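Trainee: Could you take me through one part of this structure closely, the surface that faces the RNA, and then show me how some of the helices pack?

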Amino acid sequence: MEISLLPAQSIDKAIRSLIGSIPELSEAFGEVFDPIIRSSDPKFGDYQANGILPLAKKSGRNPRALAEILVPHLEASELIASSIEKITIAGPGFINFTLKKSYMQAWLAHFSSEEAFKDSTKDWLGQQTTVIDFPSANTAKQAHIGHLRPMVIGEAIARILEFCGAQTVRDNHIGDWGTNFGTLIMMIKKEKLELSDYRDPEEALIELDRLYKEGSNLEKEDPKLRDISRNELLRLQQEDPTNLALWDAIIEISNQAFEHLFKQLNVRTDVTLGESFYKDKVDRIYEELEATKIAEMSEGALVVWHDEVKKFSRGNERPFPFNIRKKDGASNYASTDLATLLYRVEHFKAESVIYLTDARQKDHFEQLFLTSKKWFEAKQYTLPELKHIWWGTILGTDNKPIKTKSGESIKLQSLLNEAVDRALKVVSEKNPNLPKDEQMKIAQAIGIGALKYADLSSNRTQDYMFDWDRMLSFEGNTAPYLLYVIARINSIFKKAACEDTLDNLSKATDLETTLEIDLARKIIQFPLALEQALSDLRPHFLCTYLFELAGTFNGFYNKEKVIDPDPTIQERRLLLCHRTQLILKTGLGIIGIETVQRM
RNA sequence: GCACCCAUAGCUCAAUUGGAUAGAGUGCUUGACUACGAAUCAAGAGGUUGGGGGUUCGACUCCCUCUGGGUGUACCA
């Protein structure tokens, strides 16, 4: 029996193939019929075909009559005979499919490891080279809560793409060439500081934070200082050795501090190519865009107009061009982004580039993509697929962007510390007998996992409310709820003393009880959830699914005893336990959340 | 002014991209531990999907309009 990762796809293929080969069906359904196979409410079956209804409308025929032509052929066909138990027509013209229990059993037996899933999913994106631009940390500043989403969402999306076969380059496009460096260098010289005096990059970064804040205030009071800062920036850009060394030290400090956060949040980047990397690559952009007449001068700046898009049109009351070179001749965000895209295409051979930022930068990326399209067409470069993945704001329980009580942004490190502290409190309460170091390890996994899961489990394009009590309450759609199921299943394995035989559960008999079948059904839907999460790069589809799987499992667990005197019953239930755990571990792994053996 | 995003149960969120009776969690009411981990499960109440119109066999989803929030509007990134 051939087992398909996506049985829905097999049904789809079978219908198309029958329509192509049987004249009666070709005539009734035509060439371009899409069956629209979806998973269905369990009370109807496992899958449903919705495609009859739109076709009936288009061709002016009775949908049920159309279904009645198709269904007998499907029933007689060998194509899905091994997988489908029952096909029924219902409602206005839906066709419902119910999987055979033996097929579910075979599916469960076949997909027995993460590798087994990957064998199928790795073909979904076929090795496509994808550059993921995240988390684009800013330099010389302590990370705050605003850096949480790019790290968490970025890591999850990178992993989803990788699981589905993409060749990714995770590129941390840091902002390391901005005007703030002038102020910082001015202040460092003014206070005669030695950056190497700070052993700990965290401590040094706090100092840089202070310097910048104080420096900006001083500049406001004393315009002469502002001129000094400007001059320092100019000298930096002219590669003055002293300033370049200071700049290097600052970058090193902030990169180290970020690395420390990445480690705690289990975030990985492959390359860190900031704006400074492109400083000698922007001239080519100006030249090419001017030569192709895509860019033109406006008010002293070099800009690209996109008059075909209303909001960017120069006819507006407030014109909004894409400014790629400032009137003082300096590069900006737009120029480096254009140079970066070209580098990604020429150097990394990117077939797809994904940018992750918050929603406020939507206009920028729309302009960047419009400009790139015109430019690449004119130069006959191959334009990769470009996507801007954006998200909403983190709100406090007062429904406003989250802040500390004094109105400052919350430091990311203190957020992580609080997550672990809160988790540790619960862990030590529930497991007073565990060694302290293990309690700490578990608390880290739970605390960080809860924080990440809270961010990933709601639709990224929405704002979400940050609520400690909710994310760590260990109830509802939270990481601890999912982690608990994994730990609980481990306890069953231990009690059944079956760790050695888990790889070979061949005595398992066909599923019998409703709760067993419900659970198996849910397990088989895993690839659908993954497919959905991939199609829109929205991790919450996967989270919702994992939560439902955990709930279905808990329902089964509370009613059906796994450990049973009859070895065939015990094996088939152990099989369900094992696959549930496998998918929870795999699924959480795909969104970047660490799991624990016990908790 | 122009553009984009959002509004779903008291609260926090879903809804398979237009499908069957809009679902979860939380909170509230009630029940299940001599039990493979109760950090769990089962049951009940709770809705004019912001208002109004339209398209469709079918609309939370698409179109128009109004109300109320948020964001962006060239030389910050």
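**The surface near the RNA, and some helix packing**

Mentor: Helix α21, residues 540-559, gives the most to the surface near RNA strand B, with 8 residues. Keep in mind throughout that this is a predicted model. In total, 68 residues lie around RNA strand B, and those that come nearest are Arg 38, Asn 96, Glu 275, Lys 326 and Asp 536. Sorted by class, this surface has 24 nonpolar, 21 polar and 23 charged residues.

Now look at the RNA side. Among the atoms of RNA strand B within 4 Å of the protein, 61% belong to sugar or phosphate, and the rest belong to bases. At Asn 459, a polar backbone atom is 2.6 Å from a phosphate oxygen of RNA strand B. Asn 558 has a polar side-chain atom 2.9 Å from a sugar or linking oxygen of RNA strand B.

Next come the helix pairs. Start with helix α9 (residues 201-221) and helix α11 (residues 241-265), whose axes come within 9 Å and cross at roughly 120 degrees. An angle from 65 to 115 degrees would count as roughly perpendicular and one over 145 as roughly antiparallel; α9 and α11 are therefore oblique to each other. Their crossing is left-handed. On the α9 side the contact is made by Pro 201, Glu 202, Ala 204, Leu 205 and Leu 208, and on the α11 side by Ile 250, Ile 253, Ser 254, Gln 256, Ala 257 and His 260. By class, this contact of α9 with α11 has 7 nonpolar, 3 polar and 1 charged residues.

Move on to helix α13 (residues 333-346) and helix α14 (residues 362-379). The two pack at an angle of about 50 degrees, with their axes 11 Å apart. That angle makes α13 and α14 oblique to each other, and their crossing is right-handed. From α13, the contact uses Tyr 333, Ala 334, Asp 337, Leu 338, Leu 341, Leu 342 and Val 345; from α14 it uses His 364, Phe 365, Leu 368, Thr 371, Ser 372, Trp 375 and Phe 376. The contact of α13 with α14 has 10 nonpolar, 3 polar and 1 charged residues.

The loop between α13 and β10 (352-358) holds Lys 349. Phi of Lys 349 is near 55 degrees, a positive value in a residue other than glycine. Pro 135 lies in the loop between β5 (129-133) and α7 (148-163). Both details are worth a look, because most residues other than glycine have a negative phi, and most peptide bonds are trans.

The last pair is helix α5 (residues 101-110) with helix α22 (residues 567-590). These pack at about 55 degrees, with their axes 10 Å apart, and α5 and α22 are therefore oblique to each other. In this case α5 passes α22 in a left-handed crossing. Gln 105, Leu 108 and Ala 109 of α5 make the contact with Leu 575, Leu 576 and Arg 579 of α22. The residues of this contact of α5 with α22 divide into 4 nonpolar, 1 polar and 1 charged.

Key. Residues numbered from 1 in each chain as written. Chains lettered and ligands numbered in written order. Predicted model: local features only at pLDDT ≥ 70, side-chain atom pairs only at ≥ 80, totals over all residues. Heavy atoms only, no water. Near = heavy atom within 4 Å. Polar contact = N/O pair within 3.5 Å; in protein donor to acceptor, adjacent residues only side chain to side chain. Helix = DSSP H or I, 4+ residues; strand = E, 2+ residues; numbered from the N terminus. Nonpolar A, V, L, I, M, F, W, Y, C, P; charged D, E, K, R; others polar. Axes fitted to C-alpha atoms, helices over the stretch in contact; angles between N-to-C directions. Parallel < 35°, antiparallel > 145°, perpendicular 65-115°, else oblique. Left-handed = near helix turned anticlockwise from the far one by under 90°. Contact = heavy atoms within 4.5 Å.
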